[in-house]
Amino acid sequence: MPEMLELERVVAGYGDAIVLDHCSLQLAEGESLALLGRNGVGKSTLLATLMGHTRVRGGTLRWCGEDLTRVPRHRRAAAGLGWVPQEREIFASLTVEENLTVAAVAGKWDLRRVYALFPRLHERRGNWGNELSGGEQQMLAIARALMLNPRLLLLDEPLEGLAPVIVEELCAALDRMVRQEGQSLVLVEQQVAQALALTQRCAVLERGRVVHSARSQAQLQDLAALDRWVGVRLQADATTGRLEKEET
Ligand SMILES: Nc1ncnc2c1ncn2[C@@H]1O[C@H](COP(=O)(O)OP(=O)(O)OP(=O)(O)O)[C@@H](O)[C@H]1O
């Protein structure tokens, strides 16, 4: 069976600037992958490349065995790629429910299922988009992407700027989405402990290419290597045992 997603020595960037530099990566259906790395190494650019928003100059991108570069940008969502960029971009003048249904595609993910995943959105279903908190907007952006029934969901820093209690709620939903519902996922996230806890595998990007990959659980056991690869020091909280960023 071919991999669902396969990048082979992909070179891509913006105009003349090269950001992804011989980047190789594979993902099978049902897998979840955390894409880690320091600032500016090309994580968001990799997602943007999958959605056709960069200039691909070399290498091969295959999606379900087909050459992805031949799929026009406007057809990538229909081809099964769902993208939640950092900006979220929900419709402020539509209600939560209208946001969810305006472009929905029939499939496993429907209103009932996304409301079960995000009960808070069900409570707020009659509110306008611009009446939501940052965390609720992020939940809505993810739920709306799910309503397009993507085979693969691409999330770009979904936890950024959210209060710890909301991060916890969102992570619980993402965990259910991945483990119970089997949603395939690529997660770009600076909150490394959460990203590893949510995924099966991780890949570290450095200067536009994958330089390390591992099982996420195994990576969580090797915090020294994690610090070397992504420059994040984690330590277990004395009371809860939970991994937190070490303050320096
Ligand atoms: N739309 C764009 N046009 C031109 N250059 C861009 C664009 N987006 C990103 N870049 C450049 O590409 C490089 C990689 O950026 P990218 O956002 O992919 O990194 P990242 O690993 O996601 O970093 P961060 O964690 O800081 O978001 C950076 O040098 C950035 O300035």
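Colleague: What makes β7 and β8 a pair, and in which sense do they run?

Modeller: Two strands pair if DSSP finds at least two bridges between them, and β7 (residues 152-156) and β8 have five, in the parallel sense. Strands here are DSSP runs of E with at least two residues, helices are runs of H or I with at least four, and both are numbered from the N terminus. One spot to look at is L153, which stands opposite L185 in β8. Bear in mind that this is a predicted model: local features need pLDDT of at least 70, side-chain atom pairs count only at pLDDT 80 or more, and totals for chains, interfaces and linings use all residues. Residues are numbered from 1 along each chain as its sequence is written.

Colleague: Why is the crossover from β7 to β8 called right-handed?

Modeller: The label applies if, with the strands pointing away from the viewer, the path from the first strand over the helix to the second runs clockwise. Here the chain goes from β7 through helix α6 (residues 164-179) to β8, and this β-α-β crossover is right-handed.

Colleague: What makes you say β8 is largely enclosed?

Modeller: A residue is buried if 20 or more other C-beta atoms lie within 10 Å of its own, exposed if 12 or fewer, and partly exposed in between, with C-beta atoms placed from the backbone. Five of the five residues in β8 (residues 184-188) are buried, so the rest of the structure largely encloses this strand. In a regular strand the side chains alternate between the two faces of the sheet. In β8, S184, V186 and V188 are on one side and L185 and L187 on the other, and all are buried. β3 (residues 32-36) also runs parallel to β8, with four bridges, and L35 has V188 as its bridge partner there.

Colleague: Which residues touch the most other members of the largest nonpolar core?

Modeller: That core is a set of buried Ala, Val, Leu, Ile, Met, Phe, Trp, Tyr and Cys residues joined through C-beta atoms within 7 Å. It has 68 residues, and L35, A143, L154 and L187 touch the most other members. Helix α5 (residues 134-146) gives the largest share, seven residues.

Colleague: How do you know what A143 is in contact with?

Modeller: Contact takes C-beta atoms, placed from the backbone, within 7 Å. Leaving aside neighbours within four places in sequence, A143 is in contact with L100, V114, F118 and L121.

Key
Contact = placed C-beta atoms within 7 Å.
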